[in-house]
Amino acid sequence: MGWGFTLKCTKCEYEMRAHLESGYALPKETLETIHDMKAGKYGKAAQKFFQENPEGSVDCDRYLFRCKECGNIQVEMVLDLYKPKEHVPELSYPNIYPVVLPGYYDKAMELEHKCKKCGCKMELQNEDRFLEEISEGKITCPNCGGHLEADADSWFDWD
Ligand SMILES: [Zn+2]
Ligand SMILES: [Zn+2]
């Protein structure tokens with residue numbers, strides 16, 4: 001399932017389209033990400049995790065992250081790492097297998113998300129609270145500190 005919104009600054013040119021995704025729609029991304037993690041493209045910690053947990057998986061849902069230092073807003077894959085419990089069900093559609101199934105995996109590790117602008121740690125945002133804080137003016141434009149508007153017309157939803 002995916003949905004999104006557009007953030008626009010009322011003072012400057014800042015515009016950001018947030019396309020968020022969660023659920024079972026991402027088996028291809030999950031397989032590719034596991035492959036890249038095993039190859040070391042996501043750092044040593046993730047590579048070691050898959051050496052120790054070859055049946056492990058990763059959460060590739062896309063969520064909002066915000067930098068506490070500079071206020072930069074990014075949409076990123078969550079990339080939490082999961083260990084399977086004793087019985088992961090045999091699924092008839094093998095491509096679905098690596099997607100983290102609720103109840104069959106335990107969260108084992110979270111990877112750090114670094115801000116593309118300043119390199120500091122980013123924090124996962126609850127999107128409902130995030131939009132509330134936008135409307136209350138607590139979250140402002142990362143470029144100029146101006147007022148942000150979430151474009152309600154562009155909300156979409158499919159599955
Ligand atoms: Zn601005
Ligand atoms: Zn930052």
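Predicted model: local features only at pLDDT ≥ 70, side-chain atom pairs only at ≥ 80, totals over all residues.
Residues are numbered from 1 along each chain as its sequence is written, and chains are lettered from A and ligands numbered from 1 in the order in which they are written.

The protein contains three helices and ten strands, where helices (H or I, at least four residues) and strands (E, at least two) are DSSP runs numbered from the N terminus. From the N terminus on, the order of elements is β-β-α-α-β-β-β-β-β-β-α-β-β. Of the 159 residues, 24% are buried; a residue is buried if 20 or more other C-beta atoms lie within 10 Å of its own, exposed if 12 or fewer, and partly exposed in between, with C-beta atoms placed from the backbone. Two residues are in contact if their C-beta atoms, placed from the backbone, lie within 7 Å. Among contacts with a separation of 6 or more, 64% join residues 24 or more positions apart.

Helix α2 spans residues 44-52, and its buried residues are A46, F49 and F50. Viewed down the axis of α2, these residues fall within an arc of 90° and therefore line one face of the helix, the arc being that of the directions from the helix axis to the C-beta atoms. On the face turned away from this buried side are the exposed residues K44, A45, Q51 and E52. The buried residues of α2 pack against α1 (27-38), β6 (81-84) and β7 (105-109).

The axes of α1 and α2 come within 8 Å and cross at roughly 100°; axes are lines fitted to C-alpha atoms, for helices over the stretch in contact, and angles run from 0 to 180 degrees between N-to-C directions. The two helices, α1 and α2, are therefore roughly perpendicular to each other, a term applied to angles of 65 to 115 degrees, whereas angles under 35 degrees count as roughly parallel, over 145 as roughly antiparallel and the rest as oblique. I34, M37 and K38 of α1 and A46, Q47 and F50 of α2 make the contact. These residues comprise four nonpolar, one polar and one charged, where Ala, Val, Leu, Ile, Met, Phe, Trp, Tyr, Cys and Pro count as nonpolar, Asp, Glu, Lys and Arg as charged, and the others, Gly among them, as polar.

In soluble globular proteins, nonpolar side chains tend to be buried together. A nonpolar core is defined here as a set of buried Ala, Val, Leu, Ile, Met, Phe, Trp, Tyr and Cys residues joined through C-beta atoms within 7 Å. The largest such core has 14 residues, and those with the most contacts inside it are L7, A18, L64, F65, M122 and L148. Two or more residues of this core come from each of β1 (2-9) and β4 (62-67), with β4 giving the most, four residues. A second, separate core of twelve residues includes Y42, F50, C60 and Y105.

Beyond its neighbours within four places in sequence, L7 is in contact with E15, M16, A18, I73, L148 and A150. I73 is found in strand β5 and counts as buried, with 21 C-beta neighbours inside 10 Å. Residues up to four places away in sequence aside, I73 touches L7, M16, L64, R66 and P142. I73 and P142 are 69 residues apart along the chain, yet their C-alpha atoms are separated by 7.5 Å.

P142 is also in contact with G71, as are R66 and T140, when neighbours within four places in sequence are left aside. G71 is placed in the loop between β4 and β5 and is partly exposed, with 16 other C-beta atoms within 10 Å. L79, in the loop between β5 (73-77) and β6, has a positive phi of about 65° although it is not a glycine. With 18 C-beta neighbours inside 10 Å, L79 counts as partly exposed.

D106, found in strand β7, counts as exposed with 10 C-beta neighbours inside 10 Å. Apart from neighbours within four places in sequence, D106 is in contact with Y82, K83 and K85. N126 lies in the loop between β8 (122-124) and α3 (127-135) and counts as exposed, with 11 C-beta neighbours inside 10 Å.
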